[in-house]
Structures are given as C-alpha cells and as structure tokens.
Amino acid sequence: MNIPQIQISTTDIKMDYNITKPFQRIQQPKATLNISQPAATLEINTTNARLDINMDQMWRDLGLKPTGEMIKEYAQMGRQESLSGISRRVSEGNQMMRNAGKDMGRSTIQNIAKQNHGPKRAGPYNIKFIPSIGSVDVNITPGTTDVNITRNAPKIDVQVNKPQMDFTYGKVSGKMVVRPDVQIDVRG
C-alpha cells in the first residue's frame with residue numbers, strides 16, 4: 001500500500017530595507033555670567049603720638065636760666081649777702097663795745113681780724129653730677145589707629161540660556177524582493 005505523502009516547500013520573504021537614521025543635535029550655550037566686586041570701604045583714623053621733653057631743670061643745673069629768673073636769684077643773693085654783712089658789722093661793733101673798757105684794747109680788733117681772715121671753706125667737697133638725675137622730664141602720649149572696613153558684597157548677574165535642539169526623525173522604507181510562497185504537493 002502506498003500512502004500518499006504531502007510535501008510542503010516554503011520560500012521566505014526577502015526584504016530590502018532603506019533606513020535613514022534619526023538625527024539629534026543638542027547644544028547648550030554657556031550661561032551669561034556677570035560678576036562685579038565693589039571695592040571694600042577702608043577708613044583709617046589716627047591720632048598722632050605726642051612726645052613732650054622738658055629740659056628746663058637740666059638747663060638750670062647747668063647754670064643756663066632764663067634772664068628774669070637769674071635777675072631774681074642774683075637780687076636775692078645780693079640781699080642775703082648785704083644782710084649778712086650788716087649783721088656781721090653789728091656783731092663786730094657790739095663786740096668792740098663790750099670789750100672796749102676791759103683793757104683788751106687792740107686785742108679785740110685783732111680777734112675780729114682773725115675771725116674775718118682766710119678762705120672760708122664751704123664744707124666737705126663731693127662729686128656732683130650735672131645735670132642731676134631726673135632733670136629731664138619725658139612724657140609720651142601714645143597715638144591711636146582706628147581701622148574700619150566695610151565689606152561690599154559681590155554683584156552676580158546670571159542669565160541662563162536654553163538648550164538648542166535640532167531633531168530629524170528617522171525613516172524606514174522597504175520593498176519586497178522575494179514574495180513568500182508556500183507550495184504543497186501530494187505524492188503517492
């Protein structure tokens with residue numbers, strides 16, 4: 001017995017595709033940025049230092065005094081010397097008067113002459129420093145410096161630019177080169 005056979009043969013479809021790819025371009029322009037920094041305000045206030053040097057006492061120690069002061073000093077010294085001279089003469093006169101009638105005669109005048117004769121020493125001599133210590137008076141008034149800084153904030157201006165986009169859609173076109181086909185044969 002012969003059994004019939006079915007024979008199926010197929011032909012696949014063949015396509016020819018023409019593909020245009022899509023195109024996309026994105027460009028981001030830089031942001032516009034303006035920054036300005038105003039200068040800080042700086043104020044400096046100073047008061048000058050003061051140095052006072054008083055050398056009057058030093059000049060006095062050296063014997064260099066103002067004219068008016070020297071005149072007063074010498075007038076006082078002259079007055080003292082004249083008063084001491086008057087006092088000495090009065091005491092010598094009293095001494096002569098007391099001793100005149102006591103048979104002392106010439107010896108009274110000789111004693112007075114001995115008292116007034118010869119150098120008078122002022123006293124023990126010592127070293128003296130001229131000018132004296134502390135005769136120059138120095139006073140310092142310190143100065144001051146005030147610094148004031150006022151900070152100014154920066155000015156920032158930003159302008160954001162939108163992105164620029166360019167887009168072209170892709171395209172697919174195709175044509176059939178070989179049509180699909182199914183053939184069925186029965187044998188047998």
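Which backbone oxygen does the side chain of Q28 reach? I looked this up in what is a predicted model. The side chain of Q28 reaches the backbone oxygen of N161, at 2.7 Å.

**Entry 1: Q28**

I placed Q28 next. Q28 lies in the loop between β3 (23–27) and β4 (32–36). I then listed its contacts, leaving out residues up to four places away in sequence. Q28 touches N161, K162 and P163.

Is Q28 buried, exposed or partly exposed? Its relative accessible area is 48%. Exposed begins over 50%, so Q28 is partly exposed.

I also took one distance across the model. Q28 and G143 are 115 residues apart in sequence. Their C-alpha atoms are 61 Å apart in space.

**Entry 2: α2 and α3**

I turned to the helix pair. Helix α2 covers residues 67–99 and helix α3 covers residues 106–116. Their axes come within 10 Å of each other. The axes cross at roughly 155°. Angles over 145 degrees count as roughly antiparallel, so α2 and α3 are roughly antiparallel to each other. I noted the hand as well: α2 passes α3 in a right-handed crossing.

Which residues make the contact? From α2 they are R88, E92, Q95, M96 and N99. From α3 they are T108, I109, I112, Q115 and N116. I sorted the contact by class. It has three nonpolar, five polar and two charged residues.

E92 is in helix α2. Its relative accessibility is 13%. Buried means under 20%, so E92 counts as buried. Neighbours within four places in sequence aside, E92 is in contact with I112 and N116.

Q95 is also in helix α2. How accessible is Q95? Its relative accessibility is 18%. That value is under the 20% cut-off, so Q95 counts as buried. With residues up to four places away in sequence left out, Q95 touches T108, I112 and Q115.

I112 turned up on both lists. It is in contact with E92, and Q95 touches it too.

**Recap**

Q28 sits in a loop and is partly exposed. E92 is buried in the model, and Q95 is buried as well.

Notes
Residues numbered from 1 in each chain as written. Predicted model: local features only at pLDDT ≥ 70, side-chain atom pairs only at ≥ 80, totals over all residues. Heavy atoms only, no water. Axes fitted to C-alpha atoms, helices over the stretch in contact; angles between N-to-C directions. Helix = DSSP H or I, 4+ residues; strand = E, 2+ residues; numbered from the N terminus. Parallel < 35°, antiparallel > 145°, perpendicular 65-115°, else oblique. Left-handed = near helix turned anticlockwise from the far one by under 90°. Contact = heavy atoms within 4.5 Å. Nonpolar A, V, L, I, M, F, W, Y, C, P; charged D, E, K, R; others polar. Buried < 20%, exposed > 50% of the residue type's maximum accessible area, 1.4 Å probe, protein only. Polar contact = N/O pair within 3.5 Å; in protein donor to acceptor, adjacent residues only side chain to side chain.
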